[in-house]
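Notebook open, viewer open. I'm jotting things down as I look them up.

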Amino acid sequence: MTTTERRASPRVRRYHLVAFTHYDDEGGIQNQGLARTLDLSCKGLLFETTNPPDPRDRIILELQIGDEVLCLEGQVIHVELLPNRHYSVGVSWPEIPADIMARIEREVGDGSVVLPDPRREDHVR
Amino acid sequence: MDRLSCPIQEGKTMFVNRKLREITFKIVYYGPPLGGKTTNLEYIHAHTSPKLRGELVSLKTQEDRTLFFDYLQIELGSIQGMKPKFNLYTVPGQVMYRSSRELVMRGADGVVLVLDSQRTRFHDNLDALDSLRENLRKMGQNPDRFPIVFQFNKRDLPSALPSAILRAQFANGSRPCFEAVAIKGAGVLETLKAIIQEVIRPLQQRR
């Protein structure tokens with residue numbers, strides 16, 4: 001099954017390396033890991049990992065695109081188990097600096113792509 | 001690596017979850033491409049009780065052409081009443097994945113440098129060592145003091161350089177070094193034990 005993207009902020013399928021860190025209220029590291037993105041938009045991203053943060057956690061992301069690393073702060077909005085027993089983690093960011101947004105917009109382009117459903121077996125490896 | 005609004009994270013990543021009484025360390029297997037980094041993790045995964053380790057994860061790009069990293073978590077014993085977890089990662093060895101290596105290395109507590117003993121790979125090994133030292137400096141670490149264990153892999157091959165030469169060239173004669181044939185498991189667990197000792201040493205010295 002595929003879905004034609006109709007969102008205001010379209011998602012595009014992109015595989016990038018991303019590091020995430022979740023800090024507790026006292027600034028200590030609660031959870032930390034590496035993951036790969038499954039899709040990306042100007043409003044957020046979906047990544048795949050085996051040690052997911054919890055929904056509503058605020059996390060710091062370091063997203064590698066080419067030779068650049070973009071630092072983003074976002075909130076986990078959903079966590080789902082994938083067929084390969086990894087987790088997909090949806091993160092949104094309310095606002096980000098203009099230079100980072102410009103870089104993401106370049107990466108996302110016009111969003112005219114057809115996205116596969118990430119929960120399907122044939123999507124994940 | 002260009003960086004947009006991203007403060008450099010200095011210091012180590014070892015972190016403590018007091019609620020769960022867990023302490024987590026990050027160990028990175030570094031080295032030239034096709035040197036045996038993934039083989040080390042595969043052997044550890046295959047020869048560790050499933051109760052003590054997680055799944056071996058290899059995350060790749062869409063077309064499976066590029067490896068982002070391998071990941072394996074193991075749990076061993078206890079430190080000061082806390083359960084230690086060790087997150088083992090590999091980096092992509094190819095020169096072109098410099099940025100990925102830098103991100104995977106971020107916050108490492110210790111490194112296993114897996115070198116290919118073959119004479120023809122000598123310069124690849126040198127490049128890997130230079131790259132490692134550069135990444136450590138970017139992390140704010142002193143490469144001469146950072147916990148590194150050297151593994152001279154592929155000792156069974158006829159073109160392997162003598163260990164003494166590798167030790168003198170790469171390990172300065174004073175770092176822990178292990179000969180290995182990772183594909184057969186020789187030296188793999190010994191290397192792992194050594195790097196674990198290196199990364200937990202600061203905690204033990206605090207007692």
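Predicted model: local features only at pLDDT ≥ 70, side-chain atom pairs only at ≥ 80, totals over all residues.

**Entry 1: chain B as a whole.** I started with burial: 54% of the 207 residues of chain B count as buried.

**Entry 2: fold order.** I looked up the secondary structure next. Chain B has nine strands and five helices. Walking along the sequence, I wrote the order down as β-β-β-α-β-β-β-α-β-α-β-α-β-α. I also checked how far along the chain the contacts reach. Taking contacts in chain B between residues at least 6 apart in sequence, 69% link residues at least 24 apart.

**Entry 3: one leucine.** I picked B:Leu72, which sits in strand β5, residues 67–75 of chain B. Buried or exposed, B:Leu72? The relative accessible area of B:Leu72 came out at 0%, so I put it down as buried, the cut-off being under 20%.

Then I asked which residues B:Leu72 is in contact with, leaving aside neighbours within four places in sequence. My list has B:Leu41, B:Ile44 and B:His45, then B:Arg53, B:Gly54, B:Glu55 and B:Leu56, and finally B:Phe86, B:Asn87 and B:Leu88. I ran one distance as well: from B:Leu72 to B:Glu134, 62 residues along the chain, the C-alpha atoms are separated by 25 Å.

**Entry 4: where B meets A.** On to the interface. I found 30 residues of chain B and 31 residues of chain A taking part in the contact. The area buried between the two chains is about 2,700 Å², with 56% of it from carbon and sulfur atoms.

How many salt bridges are there between chain B and chain A? I got two. One that I looked up pairs the side chains of A:Glu62 and B:Arg106, at 2.3 Å from N to O. For polar contacts across the interface of chain B and chain A, the rule gave me four residue pairs, both residues at pLDDT 80 or more.

**Entry 5: the B side of that contact.** I asked which elements of chain B give two or more residues to the side touching chain A. They are β1 (2–4), β2 (15–17), β4 (57–60), β5 and α2 (98–105). So much for the list; the most comes from α2(B), with five residues. By class, I counted 14 nonpolar, eight polar and eight charged residues on the side of chain B that touches chain A.

Note on methods: Residues numbered from 1 in each chain as written. Chains lettered and ligands numbered in written order. Heavy atoms only, no water. Helix = DSSP H or I, 4+ residues; strand = E, 2+ residues; numbered from the N terminus. Buried < 20%, exposed > 50% of the residue type's maximum accessible area, 1.4 Å probe, protein only. Contact = heavy atoms within 4.5 Å. Buried area = accessible area lost by both parts, 1.4 Å probe. Salt bridge = Lys/Arg side-chain N within 4 Å of Asp/Glu carboxyl O. Polar contact = N/O pair within 3.5 Å; in protein donor to acceptor, adjacent residues only side chain to side chain. Nonpolar A, V, L, I, M, F, W, Y, C, P; charged D, E, K, R; others polar.
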